[in-house]
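The plan is to look things up one at a time and jot down what turns up.

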Amino acid sequence: MPIITYREAVRHALAEEIERDENVVLLGEEVGQFNGSYKVSEGLLEKYGPKRIVDTPISEAGFIGMGIGASMLGIRPVMELMFWSFYSVAFDQILNNAANVRYMSGGLINCPIVIRGPANGGTNVGATHSHTPENVLANHPGVKVVVPATPYDAKGLLKSAIRDNDPVFFLENTLLYGEKGEVPDGEYLIPLGKADVKREGTDLTIVTYGRSVLHSLKAAEILEKEHEVSVEVVDLRSIRPLDIDTVLASVAKTHRVLIVEEQKPFCSVATQIAYMIQNEAFDELDAPIKRLSTIDAPAIYSPPIEIEQLPNPQRVLKAALEVLA
Amino acid sequence: MADIIEMPKLSDTMTVGTLVKWLKKEGDTVANGDMLAEVETDKATMELECFFDGTLLKIFAEAGAQVEIGAPLCAIGEKGEKVEAPAKKSSPAAEEKKEEKKEEPKAEEKKAEAPKPAPQPEKPTAKPAEAPKEAVTSGRVKISPLAKKLAAEKGIDYSNVKGTGPGGRIIRADILAAEKNPPAPKAAPAAGGGKPSKPTWPWRSAFDKSPIQAEGTAALSNMRAVIAKRLVESKTQIPHFYLEIEVDAAPLNALREQLNAGLGNDGVRVSVNDLILKASALALRAVPAVNCSWTDSGIKAHANTHVSFAVAIEDGLITPVIKDTDKKSVFDISNEAKDMAKRAKAKKLAPAEFTGGTFCVSNLGMMGIERFCAIINPPNAAILAVGTTVKKPVVVKDQIVIGERMALTLSCDHRVVDGAVGAQFLNALKAHLETPALLLL
Amino acid sequence: MSKTTNAKPKAKEADFASAAVNKELSKEQKIELFRTMMRIRRFEERSLRAYQAKKIGGFLHLYIGQEAVAVGCCSLMGKNDHVITAYRDHGHAIAVGMGMNEQMAELFGKATGCSKGKGGSMHFFAPDRNYWGGHGIVGGQIPLGTGLAYAIKYKGLKGAAMAFMGDGAVNQGAVHEAYNLAALWQLPVIFVIENNGYSMGTSQSRSSAGELAKRAEGYNMAWDKCDGHDIYEVRATMDKYLKIARETSAPAVIEIRTYRYRGHSVADPDNTYRTKDEIEEYRRTKDPLQHFQGRLLEEKVLTEDLIKEIDQAARNEAEASVEFAEASPWPTIEDIQRDVYWETDNPSKRTSAGRLFFD
């Protein structure tokens with residue numbers, strides 16, 4: 001099976017969907033001529049031309065609102081945010097218009113848009129460029145939120161997202177773009193709302209998503225080799241819709257849960273999941289549910305300290321041992 | 001039929017309006033579009049618009065009145081039409097307001113109550129909601145939801161299971177271990193005279209770094225307060241001195257076993273303490289000077305002897321009295337003592353049953369104490385402290401043999417009992433105990 | 001309506017009347033334009049009464065006084081033309097052909113409302129009439145309107161989008177971004193500024209630097225101004241730019257001066273920022289219904305009897321819509337979570353798994 005990077009997986013998904021459906025358009029800053037600020041859309045302008053790959057001015061509220069308006073008439077825009085941190089300048093368009101237009105019209109309209117881009121810290125870009133807003137987005141009924149961790153997941157999920165008739169927010173990670181993984185050549189789709197058990201185990205369940213999946217897998221290795229603990233890692237892949245059943249099945253198996261997230265703690269994704277687990281699997285718990293989140297402060301610049309602010313394998317290991325005590 | 005104009009809703013948050021002033025008066029001709037009055041809402045002062053043509057027949061709300069939405073303001077109709085003031089509609093807004101008013105006093109009550117801290121002396125009943133906070137430490141078992149479910153499924157009483165989780169929490173592994181090795185059931189608290197179970201110290205406590213007990217000052221119960229007061233009085237006001245004698249307990253134990261072997265079929269057991277109570281009573285008959293009390297006007301001699309015995313109960317100590325102990329058989333003393341001890345623990349003793357003793361016996365033998373000095377129980381003149389029977393080397397006929405020895409310590413009130421008297425008493429007691437058949441006469 | 005005088009048509013106005021787009025109107029079409037304006041007026045008045053009787057909750061932004069703008073613009077729509085506006089949307093809704101029943105039911109919050117009771121006054125939609133709402137956030141609809149134009153162009157259709165906003169919206173950032181995109185990419189959108197002089201309680205002079213539509217110059221976009229009380233003038237002006245947009249994709253910004261007789265919304269007491277006299281003056285000299293009525297009487301298109309008939313029919317229709325709304329059922333509690341996701345409304349076509357609601 002071919003091994004490609006996460007970046008290439010996203011690119012292939014875009015290319016395939018552009019070829020498949022004439023209404024699919026990629027819009028964003030530097031996506032065309034610049035070949036993408038992170039080279040995700042490299043080569044696409046050359047291949048598909050300026051009608052399908054559109055360079056926009058720095059105007060998120062403008063072009064995202066425009067894309068939403070166009071989607072009401074059947075266009076399927078994939079709008080790139082150079083950083084998901086920039087969503088806040090288009091908050092009204094994204095979370096008032098895209099999220100609500102269907103509801104406020106009593107179901108007469110739908111907005112089949114995708115907004116995609118990297119949402120992550122860990123690159124020393126400071127507090128305003130390091131946001132991970134999946135919790136804020138997922139709080140809005142009417143939207144869907146997807147955070148793939150691997151090239152295989154990224155391609156299958158992006159294709160599904162583009163074909164989805166509801167607004168889908170697709171959160172990538174600049175530090176994952178270079179990660180390699182097996183991705184089959186042929187056509188495949190991964191449905192939204194299906195979690196994936198990335199590693200099976202019996203003593204502890206780690207629920208996680210995004211780059212934290214990689215940290216959790218590393219910690220699981222150490223736990224197995226040095227502590228003889230068998231860890232199950234559940235990759236949510238999709239925040240909304242949420243596959244809580246896979247999580248609950250794992251909890252019923254191991255009885256101990258650690259949720260690892262690159263999120264500031266207050267009202268984070270883990271908060272929601274912890275509520276659901278204790279509500280629906282109370283009697284399966286042999287220990288309180290623990291979570292390992294980003295340390296609760298704006299993203300620090302100082303490079304080595306930022307590593308400690310975010311989840312990393314060592315922090316995951318320590319948290320896991322606390323749950324296992 | 002006249003049109004009644006009601007107070008309209010003029011803003012999304014308005015519930016009442018104030019009719020500031022009328023712009024038309026009764027009898028005026030009005031038309032669609034005319035302004036009838038000025039109304040003040042929560043947001044601004046607006047104008048009341050007329051949607052009808054006709055004559056303003058009657059005004060129901062005076063200038064300055066506060067009117068709820070939907071309540072009538074005026075009537076418009078044909079000139080000369082008769083109009084009656086409609087009955088005041090209680091609008092939903094009015095009802096909402098009433099409910100709001102009801103809720104406000106409640107909220108205020110709650111606020112007034114909140115600042116008061118723990119129950120005051122004059123409020124004997126603590127609020128139930130506060131009780132759990134007051135309840136300190138013991139009572140709650142820490143157990144994970146999974147372990148609790150497992151324990152229920154397996155029929156395991158987890159109150160005996162030791163928890164190995166953080167903070168002593170019982171976890172699944174503990175329940176599974178308990179299933180394999182059921183823990184010994186907890187020993188019942190010591191009955192007066194019965195043999196208590198040895199306390200167990202789980203090795204786990206050596207590694208337990210959690211607090212030993214909850215920090216805090218617990219309020220004194222009545223019993224504790226009384227005990228404290230009386231003991232302080234006794235210790236500070238009675239000149240205590242102590243006499244000790246060692247008794248050969250072998251004959252006593254042998255008799256007891258004999259008796260119990262026979263009585264056992266009837267479910268009766270005589271304890272060492274029962275025998276000591278009888279022996280003490282007989283010794284008091286022999287040395288009646290000890291059966292007295294100090295009073296300010298002189299030493300009071302008691303004609304009858306009533307021996308009391310100390311019983312440990314929850315939160316303290318109580319001394320039930322066996323009346324006319326010398327006149328009762330060991331069998332009767334035993335039954336009575338057992339019954340009173342049981343009722344003492346259930347706090348069901350009547351005051352007459354724990355007052356009026358003339359002598360007291362305190363036995364810590366069942367707890368392994370070899371000897372001790374008790375504090376006199378006023379108005380008694382003495383108290384006997386009984387230790388445990390110990391096997392030790394003793395000299396008999398110039399030979400060292402294994403003897404069973406029991407230490408007796410008599411605390412005496414020197415105002416009433418001198419050393420010689422005390423010694424006499426102890427010797428009499430010893431004689432009775434070492435010839436226990438005398439107790440059965 | 002109170003007074004009945006109307007100004008004599010001026011020479012300029014005679015020009016608009018003779019513009020081709022107006023001259024080619026048949027008698028019936030002119031009556032229909034008048035009828036539509038009258039229906040808007042009566043619907044709005046009846047809504048106001050219903051609101052004051054607590055039948056309508058939340059906000060109510062009335063279009064009274066601005067009727068000629070919506071009717072004039074929407075009467076020019078071709079099959080590939082689209083309309084989007086802000087929250088003062090009842091007039092546009094009636095102008096594109098939505099029924100009074102479904103609108104009044106929506107105001108009442110009933111399940112038979114055009115948005116099933118889920119949108120309310122600010123969110124009337126009719127995709128089948130190319131009408132895309134009805135939006136509550138000031139200026140938020142302008143990028144959406146630009147998107148409609150983008151889609152028209154993308155699909156190679158000959159059409160234009162009219163994106164309406166008030167004089168207060170022109171200062172929103174999103175509007176500037178939309179102007180730039182429209183001009184940069186030559187999207188066929190006409191940005192229509194319905195300037196009624198006040199953004200809530202703040203007059204234009206206290207809100208906006210410079211002339212409103214003239215800002216288009218900064219983006220190299222065409223712009224124009226016209227009066228909005230004369231429906232012929234509205235039609236003549238808008239027709240020019242719509243044609244350009246359809247033919248060449250060029251956008252434009254048009255400021256239409258109009259006036260609202262009522263406050264910004266029904267909660268607005270209307271006395272802190274303008275005088276009664278000002279309202280009366282406009283009503284007396286520029287009421288769009290009066291104006292067109294006078295014109296059509298002169299043209300012998302209307303008669304007094306017909307006017308009365310149209311007026312009464314409009315009142316009756318509005319009254320009937322209230323009865324319809326009253327008799328209609330409320331949405332159910334289960335309805336709250338319908339129309340949230342296309343997927344949950346079309347479960348047989350759902351491809352995703354997992355939970356979409358988190359109660």
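This is a predicted model: local features need pLDDT of at least 70, side-chain atom pairs count only at pLDDT 80 or more; totals for chains, interfaces and linings use all residues.

**Ground rules.** Residues are numbered from 1 along each chain as its sequence is written, while chains are lettered from A and ligands numbered from 1 in the order in which they are written.

**Chain C overall.** I call a residue buried if 20 or more other C-beta atoms lie within 10 Å of its own, exposed if 12 or fewer, and partly exposed in between, with C-beta atoms placed from the backbone. Chain C has 359 residues, and buried ones make up 55% of them. For contacts I want the C-beta atoms of two residues, placed from the backbone, within 7 Å. Taking contacts in chain C between residues at least 6 apart in sequence, I find that 75% join residues at least 24 apart.

I looked at the loop between H6 (100–108) and H7, where Gly134(C) sits. The peptide bond from Gly133(C) to Gly134(C) is cis, with omega near 20 degrees. Asn130(C) is in the loop between H6 and H7 too, and its phi is near 60 degrees, positive in a residue other than glycine. Is Asn130(C) buried or exposed? It counts as buried, because it has 21 C-beta neighbours inside 10 Å.

Next I went to Met200(C), in the loop between strand E4 (198–199) and strand E5 (202–203) of chain C. Met200(C) is not a glycine, yet I read a positive phi of about 55 degrees. Met200(C) has 14 C-beta neighbours inside 10 Å, so it counts as partly exposed.

**Two helices of chain C.** At what angle do H3 (residues 27–52) and H13 (residues 304–327) of chain C pack? I get about 40 degrees, with the axes 8 Å apart. That makes H3(C) oblique to H13(C). My axes are lines fitted to C-alpha atoms, for helices over the stretch in contact, and angles run from 0 to 180 degrees between N-to-C directions. Under 35 degrees I'd say roughly parallel, over 145 roughly antiparallel, 65 to 115 roughly perpendicular, and the rest oblique.

**Helix H4 of chain A.** H4(A) covers residues 91–104 and bends by about 30 degrees at Asn97(A). I take the bend at a residue as the angle between axes fitted to the seven residues ending there and the seven starting there. Twelve of the 14 residues of H4(A) are buried, including Asn97(A) itself. What covers them? I noted helix H3 (60–72) and strand E5 (114–118) of chain A, plus helix H7 (141–154) and helix H14 (342–345) of chain C, among the elements doing it. Just after H4(A), Gly106(A) takes a positive phi of about 65 degrees.

**Where chains A and C meet.** How many residues does each chain bring to the contact? I have 44 from chain A and 42 from chain C. On the chain A side, H3(A) gives the largest share, ten residues. By class, that side has 19 nonpolar, 19 polar and six charged residues. For classes, Ala, Val, Leu, Ile, Met, Phe, Trp, Tyr, Cys and Pro are nonpolar, Asp, Glu, Lys and Arg are charged, and the others, Gly among them, are polar.

The peptide bond from Pro378(B) to Pro379(B) is cis, with omega near 10 degrees. I found Pro379(B) in the loop between strand E16 (359–363) and strand E17 (382–396) of chain B.

Methods:
Helices (H or I, at least four residues) and strands (E, at least two) are DSSP runs, numbered from the N terminus.
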